[in-house]
Amino acid sequence: MSSLIRVIINKGVPHYQLDRRLFSFIKRHIQLFAALLSGIIILIAWIFRNHFSSSAWILLHSIAFIIGGFAKAKEGITDTVKNKKLNVELLMILAAIGSAIIGYWTEGAVLIFIFSLSGAMETYTLQKSERDLSKLMELQPDTTTRVTHGIEEVVTIDELVIDDLILIKPGERVAADGTILQGQSSIDESAITGESIPVTKSISDNVFSGTMNTSGSLTIKVTKEASQSFLQKIMDLVEVAQNETSPAQLFIEKFENIYVKTVLVIVGLMMFLPHYLFNWSWVDTIYRAMILLVVASPCALVASITPAMLSAISNGARHGVLFKGGVHLENLAQVNAIAFDKTGTLTEGKPKVTDFLVKDGEDKDQIIHIVATIEKGSSHPLAEAIVSYSKQFDKPDQVLSLEKMTEETGKGVYAFINDQKWTIGNQKLFTEDNKEQWFDDATEKLTAQAKTLVYISCNNEIVAIIALKDKIRSNTKEAINYFQQNKIHTVMLTGDNQRTAEAIAEEIGINHYLASCMPDDKVSHLKQLNKEYETTMMVGDGINDAPALATADIGIAMGAGTDVALETADIVLIKNQLTELIYALKLSKRMNQIIKQNICFSIIVIILLIISNFLQIINLPLGVIGHEGSTILVILNGLRLLKQSK
């Protein structure tokens, strides 16, 4: 039961404790409360101005100055001392103090109030983004049940090591990334992937920390330490994104420093030149200088980018798209060419064996047993599919002695078993001289069906062929169609042979394809795309995609991809859905549009206010309202990105 004050009885002694949620709320919004309190004091002073003595009236405004302006004054002074450059906070404080000096206490106090209110709104934007990260952190349980030789003990997640066994009961969150050894259950992965429907998982399936076990008990073998878990990587990506500075932000920061100095110089001249040039009184001259100090300050301009960018990054994180920095979110809208890896990106990455062809006179069971023995240590989707397929065959009694295994990236593996050289891989491992008529007709037919072929040879003689088919993702065609409608060139890069690649490219409707790609081929093609198109993107999920992800202007990794791909990429699609890329592009375009709106609006307001001041049309309160009002408006405009839908 929650209440403002709770009475806790401990050994007969009552203790009073402030509700933690209330305390957290006040602490989170202390700047807003200070701004509102200063506003209330100003309102009281104005309503009862005829009832206060002169000293009491000044005292009230001084209190309003201190309460409302303390946070911003501290921020401005600290930043100036630390970075040795002036900022808009100092301009506002100087303008408020200058107004008070010439007797305009109320105007100066109103300036402080509205300035602190806009600052509170900026702080809210940052805190909103931080709270999204905090919610992710709350998904990670602090403790879990470890099972050692049948004995259960509760340990912290930091104590877990790889290969530990943990017990996850119904209603508990998974404490570490791992593989299910015992049990079957429905796992709610919505907090990480955004998918609302629980996924049924059983023995050998992978689970991620932070996901919810909704039904049966599971025994899980830990495969990653807590610091390397999928959830931890998501939190790291969000945190990095929040602290990254985009090119637009860097420009505004540099511009701010120069602009503030320029404004101070002009204000300095404004404090005496109009007195001699236009016969203004000294009070009017200084008063107009203070107004200029307010209206010429680039508060709205400075606030045009950061709130919008943080809101967009926060929105993306909630929808399963993680940006490693504002620069990538900003540049995404400029992409005009996208290269896709095939397996695991355009397809589901879960190929299944459809055909197993063996040369006449060869032992089918023996060959698949040998192939499974060689491939069982590999994490490649094709290898996993072959090993799974082999389970339906009888295992020969012969003991296999595996030695001297060598893997050639993008081609296959070599291994010696019982003094025989076995080779498993694609056609690049074999020369044309090795091809025999027995499989030529079959391979022609299988490749026409968009199937991937794996060749098996013994002592350089091809003895079997395995055909696999990977299902194209349900939303691949939708995504490709969207990109083409928006005049974005699409390319598929695959290790499959020419005929298979052609069949798949035709099925999904992609613009161009490149078959039989090695990792360095993908890099070469990305470099060529970089020359032909202004901004390029690469989407992949495997280790062999990492060089291409790094070469492209923007690298995007599928969430279920390898650690190397996740670390190399600039953006991660947690849900493994290409339609999330459509959402990301729309979000980027929307953010850039809002930033442009904010910048144009800010500059127009500053120009209009400066002209109005020289024409003596506005007074300080109107200048404050116009200037700080524009700041609040651009912040609110940026906050709209928090609600950006798909």
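**View 1. Ile112 sits in helix α5 of this predicted model.** Helix α5 covers residues 105–139. Helices here are DSSP runs of H or I with at least four residues, strands are E runs of at least two, and both are numbered from the N terminus. Residues are numbered from 1 along each chain as its sequence is written, and side-chain values use heavy atoms, with hydrogens and water left out. Local features need pLDDT of at least 70, side-chain atom pairs count only at pLDDT 80 or more, and totals for chains, interfaces and linings use all residues. Ile112 has a relative accessible area of 5%, so it is buried. Buried means under 20% relative accessible area, exposed over 50%, and partly exposed in between, with a 1.4 Å probe and protein chains only. Ile112 touches Ala64, Phe65, Gly68, Gly69, Ile93 and Ala96, leaving aside residues up to four places away in sequence. Contact means heavy atoms within 4.5 Å. Ala35 is 77 residues from Ile112 in sequence, yet the C-alpha atoms are 8.2 Å apart in space.

**View 2. Helices α12 and α24 cross at roughly 15 degrees.** Helix α12 spans residues 306–318, and helix α24 spans residues 620–639. Their axes come within 7 Å. Axes are lines fitted to C-alpha atoms, for helices over the stretch in contact, and angles run from 0 to 180 degrees between N-to-C directions. The two helices are therefore roughly parallel to each other. Angles under 35 degrees count as roughly parallel, over 145 as roughly antiparallel, 65 to 115 as roughly perpendicular and the rest as oblique. The α12–α24 crossing is right-handed. That term applies if the near helix is turned clockwise from the far one by less than a right angle, and left-handed if anticlockwise. On the α12 side, Pro307, Ala308 and Ser311 make the contact; on the α24 side, Ile635, Gly638 and Leu639 do.

**View 3. His627 lies in helix α24.** Its relative accessible area is 1%, so His627 is buried.

**View 4. Helices α10 and α23 pack at an angle of about 175 degrees.** Helix α10 runs over residues 282–295, and α23 over 579–614. Their axes are 9 Å apart. The pair is therefore roughly antiparallel. Arg288, Ile291, Leu292 and Val295 of α10 meet Ile606, Leu609, Ile610 and Asn613 of α23.

**View 5. Ring pairs link Phe340, Tyr482 and Phe483 into a cluster.** The structure holds eight aromatic pairs. One of them joins Tyr482 and Phe483, edge-to-face, at 5.9 Å centre to centre with 70 degrees between the planes. Rings of Phe, Tyr and Trp (its six-membered ring) pair if their centres lie within 6.5 Å; planes under 30 degrees apart count as stacked, over 60 as edge-to-face and the rest as tilted. Both Tyr482 and Phe483 are buried.

**View 6. Asp419 and Gln616 have positive phi angles although neither is a glycine.** Most residues other than glycine have a negative phi. For Asp419, phi is about 70 degrees. Asp419 is in the loop between β16 (412–417) and β17 (420–425). At 69% relative accessibility, Asp419 counts as exposed. For Gln616, phi is about 60 degrees. Gln616 is in the loop between α23 and α24. With a relative accessible area of 35%, Gln616 is partly exposed.

**View 7. Ala448 lies in helix α17.** Helix α17 covers residues 437–448. Ala448 is partly exposed, with a relative accessible area of 39%. It touches Arg499 and Ala503, not counting residues up to four places away in sequence. Gln498 is 50 residues from Ala448 along the chain, and their C-alpha atoms are separated by 9.9 Å.

**View 8. Cys458 and Cys517 are both buried.** Relative accessibility is 12% for Cys458 and 5% for Cys517. The structure holds zero disulfides. A disulfide is a pair of cysteine sulfur atoms within 2.5 Å.

**View 9. The whole chain comes to 24 helices and 24 strands.** Of its 646 residues, 49% count as buried. Among contacts with a separation of 6 or more, 67% come from residues 24 or more positions apart.
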